[in-house]
Amino acid sequence: MLFLEITLLVVYGLCLLFVLGFSLTQFQLTRLARRAYRQGLAPEPPAPAVWPRVTVQLPLYNEVFVAERLLDACAALDYPTDRLHIQVLDDSTDETVALVAARVAYHQARGLHIEQVRRPDRQGYKAGALAYGLTHSEAELVAIFDADFVPQPDFLRRTVPYFQHEPRLGVVQTRWGHLNEEYSLLTELQAFGLNAHFHVEQLGRNAGGHFINFNGTGGVWRRSCIEDAGGWHADTLTEDLDLSYRAQLRGWRFHYLPHVVAPAELPATLDALKSQQFRWTKGAAETARKHLRNVLRSGQPLSTKLHATFHLLNSSVFVAILVMALVSVPLVFVRADLPELKPVLRVASVFLLAFVPLVYYYYTAWRLDKPTAPRWRFAADFLLFLSVSMGLTLHNARAVLLGYQGRQSAFIRTPKLGLVKRTGGWRGRRYRTGDLLDGLTFTEGLLTLYFAFGVGAGLYLGDWGLLPFHLMLTVGYGIVFLYSVRHRA
């Protein structure tokens, strides 16, 4: 029995160390980003004498609610018409096809070089569509926008000039904005997390000379970089992260522009968010499985290898937190049964120290995004975001483990519903999938009760150390469970 109890404690401690390592890398990236902001961003380069040819690729699959908005926004891009080519890579199987055809015809009549590209099949999903589009383009640069994006008219004029004097510059990535951040609590929490990535993490990596990633959309590629790195691959669910690492391992540079914003729509329902999270977390694990060894064997500086390791393994944090959470409830009883282990068990009680660096990371991003908001709002937003993130650990940990196992999955795109204002409703819109209460959702409900039991056990035994952890887990899993049921009703 003692062996089992010590094993639980060791497992908890190892997971805690991994989370702490991840948190410390984010802390370091925050310092790099803050220093970059203090020094001031470099001025934008002058416009080239001759603008290069650009193909704007718009991969679509059954996006009836947002396709026309995307096409109209890209048709309004302020760029020499004779140098601009817009490809609508339409793999749709519903009425999106007819909507796109009509809109393409309208803009063609206005003199734009825009075309609807249809493939014989959907092989390779998004990666396959992007690769297929390149075979029908001769442009030097390739901009990519997903269906939910609404690029500003000056997007190309603010990004393309960076390529003219740096022949090894492979990608210019911009910051995502949020069209519907205030739509609901769910979209507000998503914006809170994404802002940290775009305001802090991407800039910190870039400023420190470390690997960053193309975010799949809202960026511009040099075509020769894509080709030199081996082109788009469909063997992971994050074709963007995969190609980013292959390109940077071959010596291509990436540049991140935090001051150029590409607005997009956040998923408004939890099933849509889960499909996005599954793709991101499983794809990150697949990319780590594919490239981590190459990174460690590369000639990159040790600091870059370290940051790249945690970058590729960041989705594994969900596995570590899930294991910590499951083990933490029995630890409440271990502490009561074995008072002689109290000095060691105090380590388990200070789990929050592993999250302290994340406060600095998220607060920096939050303050950049909301410079006049009262500080108490950050505390509320951060705790709720952390709780809901914990509530997604079962779903995301499953995706991560499938990725490390090399199990293939279909590319399930994140459906967007064209909802921007709070008055818009998602009910009656298509793309809601799954049963009202599938096995995963049912288990999330059970875990809500399990962690609530941990709260009760801590109160009964007078053990306050893990109480905050169990409270956040209970709230997080409860919210995820309730939203999952509500958005499938």
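Thr 448 is buried (under 20% relative accessible area, where over 50% is exposed, in between is partly exposed, and the value is found with a 1.4 Å probe on protein chains only) because its relative accessible area is 15%. Before we go on, note that this is a predicted model, in which local features need pLDDT of at least 70 and side-chain atom pairs count only at pLDDT 80 or more, while totals for chains, interfaces and linings use all residues. Residues are numbered from 1 along each chain as its sequence is written, and side-chain values use heavy atoms, with hydrogens and water left out.

Helices (H or I, at least four residues) and strands (E, at least two) are DSSP runs, numbered from the N terminus. A polar atom of the Thr 448 side chain lies 3.3 Å from the backbone nitrogen of Gly 478. Apart from residues up to four places away in sequence, Thr 448 touches Thr 474, Tyr 477, Gly 478 and Phe 481; contact here means heavy atoms within 4.5 Å.

Asn 213 sits in the loop between H6 and S6. Which side chain makes a polar contact with the side chain of Asn 213? The partner is His 311, at 3.3 Å. A polar contact is a pair of N or O atoms within 3.5 Å; within protein, one must be able to donate a hydrogen and the other to accept it, and residues adjacent in sequence count only if both atoms are side-chain atoms. Setting aside residues up to four places away in sequence, Asn 213 also touches several others, including Gln 173, His 197 and Leu 241.

Ala 272 belongs to helix H9 (residues 270–297). Beyond its neighbours within four places in sequence, Ala 272 is in contact with Pro 267, Thr 414 and Pro 415. Between the C-alpha atoms of Ala 272 and Ala 102 there are 28 Å, and the two are 170 residues apart along the chain.

Val 356 is part of helix H13. Its C-alpha atom is separated by 50 Å from that of Arg 83, 273 residues away along the chain.

Here are the accessibilities together.

| Residue | Relative accessible area | Class |
|---|---|---|
| Thr 448 | 15% | buried |
| Asn 213 | 8% | buried |
| Ala 272 | 3% | buried |
| Val 356 | 47% | partly exposed |

## A strand with two partners

In a regular strand the side chains alternate between the two faces of the sheet. Strand S4 (residues 141–144) has Leu 141 and Ala 143 pointing one way and Val 142 and Ile 144 the other way, and all are buried. Two strands pair if DSSP finds at least two bridges between them. S4 pairs with strand S1 (residues 54–60) in the parallel sense over four bridges, and Val 54 stands opposite Leu 141. Four bridges also join S4 to strand S6 (residues 219–222), and these run antiparallel. In that pairing, Leu 141 stands opposite Arg 222.

## The second largest pocket

Helix H6 (185–207), helix H13 (356–369) and helix H14 (375–391) each supply at least two residues of this pocket's lining. H6 gives the most, with six residues.
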